[in-house]
Amino acid sequence: MKDEIKNKVRGFLAKNKKIGELSDGDDLFEKGFVNSLFALQLIMFLEKEFKIKIPDKAINEDNFRSVDAIAVTVSAVVNNETI
Amino acid sequence: MPEKKIKCVVWDLDGTIWDGVLIEGGGKALRKGVREIIEELDRRGILQSIASKNDYDEAWKRVERFGLDEYFLCSRINWGSKAKSIREIAEALNIGLDTFAFVDDTAAERGEVSFNIPEVMTIDAADYTTMLGMDRMTPEFITADASARRRMYKEEFERQEAESEFGGTSEEFLKSLGMKLKISPVTENDLRRVEELTLRTSQMNATGYTYSYKELQGLIDSDKHIFLSAELEDKFGDYGKIGLALIEDTADSYVIKLLIMSCRVMTRGIGSTILIHLIKKSINDGKRLIAEYLETDRNRMMYITYKFMGFGDLETEDGKTILAYTSETRREYPDYIEVIEAE
């Protein structure tokens with residue numbers, strides 16, 4: 001599951017910004033990657049792609065800081081775990 | 001609930017805009033007064049389109065010859081159902097069918113539309129001279145932005161076309177637009193447009209508070225408030241005033257009471273750019289930055305915008321959330337947009 005999420009997230013990021021070297025642990029905000037516009041679009045993309053609604057309390061920078069963090073957040077929502 | 005004001009009039013051609021039937025040799029002259037009605041609706045900010053059963057090339061050539069082509073957006077000239085055409089027009093313009101009017105001289109066509117889309121207002125072409133006097137065709141007020149609405153839609157279609165043909169990433173596309181955002185205090189001249197934005201915007205509206213014209217006027221002069229509007233332009237044209245922020249200035253905090261963006265700029269990051277302006281200002285002035293958010297079934301994007309701009313929930317009560325800016329991160333304007341701050 002997490003690999004599938006990571007692949008899709010990388011695909012989304014590539015469409016939005018030129019990725020040079022990006023590893024799954026890199027801070028997307030620091031890399032200037034996810035400004036709030038792309039964050040908004042990222043949330044909409046994830047919700048549509050995985051047919052989920054990310055709960056309001058899970059929406060914060062930390063949960064979407066890296067490809068790894070996004071995979072953890074999304075799989076928790078998909079599996080109905082508390083975040 | 002009173003019926004909504006009309007935002008788009010869809011015209012038939014044969015026997016409605018012009019006399020007679022084009023393929024039977026008609027269409028030699030416009031019906032009397034039609035041109036004036038079309039021009040006046042346009043001035044009122046009501047969009048117009050065509051749903052006609054005709055050969056596209058012939059019919060459109062005739063529309064052009066009458067010099068009316070520039071007034072119509074997303075016209076559908078084909079042999080299919082007019083209800084289907086109207087649905088397609090509504091989708092392309094992204095406005096609700098309950099704000100559509102359809103003018104046709106043929107009862108069967110009006111019937112087909114009424115049957116399939118009851119929310120569309122139908123008008124017998126015989127009654128066309130009464131259109132301008134109809135309450136639903138009369139906006140409360142007409143702003144400069146309203147009169148320019150058709151032009152802005154055209155520019156928006158050009159942008160969408162450019163975006164779909166653009167080969168690079170979306171960040172590169174945003175850069176290619178050359179956007180300039182001017183943030184300045186609301187003045188008396190802006191008030192009608194400000195009122196219009198507060199009434200028309202539901203999706204990109206953080207609280208949905210509405211103020212009467214008089215209250216808005218008072219806010220301009222109030223020394224307890226900062227009242228800002230944002231204007232956007234890019235290489236395709238001028239979007240006009242598309243953003244609004246009302247801040248209450250208390251002893252130790254700035255409280256964002258209104259944050260509104262026109263839906264046309266949803267994918268441009270304008271909300272966060274205005275927020276960055278407010279964050280910088282609050283840091284400069286040594287004030288805490290607080291935001292109010294009133295959840296509706298459509299405005300969740302505003303909440304997400306706040307959360308990703310470093311705001312955290314302070315308290316929630318009866319669907320109203322108070323957020324505070326708590327981030328330590330330095331925030332700069334996105335590099336795809338030039339911000340002009342006019343004091």
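Two residues count as being in contact here if their C-beta atoms, placed from the backbone, lie within 7 Å. By that rule, 13 residues of chain B are in contact with 14 residues of chain A.

This is a predicted model, where local features need pLDDT of at least 70, side-chain atom pairs count only at pLDDT 80 or more, and totals for chains, interfaces and linings use all residues. Residues are numbered from 1 along each chain as its sequence is written, while chains are lettered from A and ligands numbered from 1 in the order in which they are written.

Back to the side of chain B that touches chain A: α7 (170-177) and α11 (300-308) of chain B are the elements that give two or more residues to it. Of the elements, α11(B) gives the most, with 6 residues. Helices are DSSP runs of H or I with at least four residues, strands are E runs of at least two, and both are numbered from the N terminus.

Here's how that side splits by class, with Ala, Val, Leu, Ile, Met, Phe, Trp, Tyr, Cys and Pro as nonpolar, Asp, Glu, Lys and Arg as charged, and the others, Gly among them, as polar.

| Class | Chain B side touching chain A |
|---|---|
| nonpolar | 6 residues |
| polar | 5 residues |

As for chain B itself, its secondary structure comes to 11 helices and 13 strands, and the C-alpha trace spans about 75 × 45 × 35 Å along its principal axes. Among chain B contacts between residues at least 6 apart in sequence, 65% join residues at least 24 apart.

On confidence, the predictor gives the complex an ipTM of 0.89 and a pTM of 0.80.
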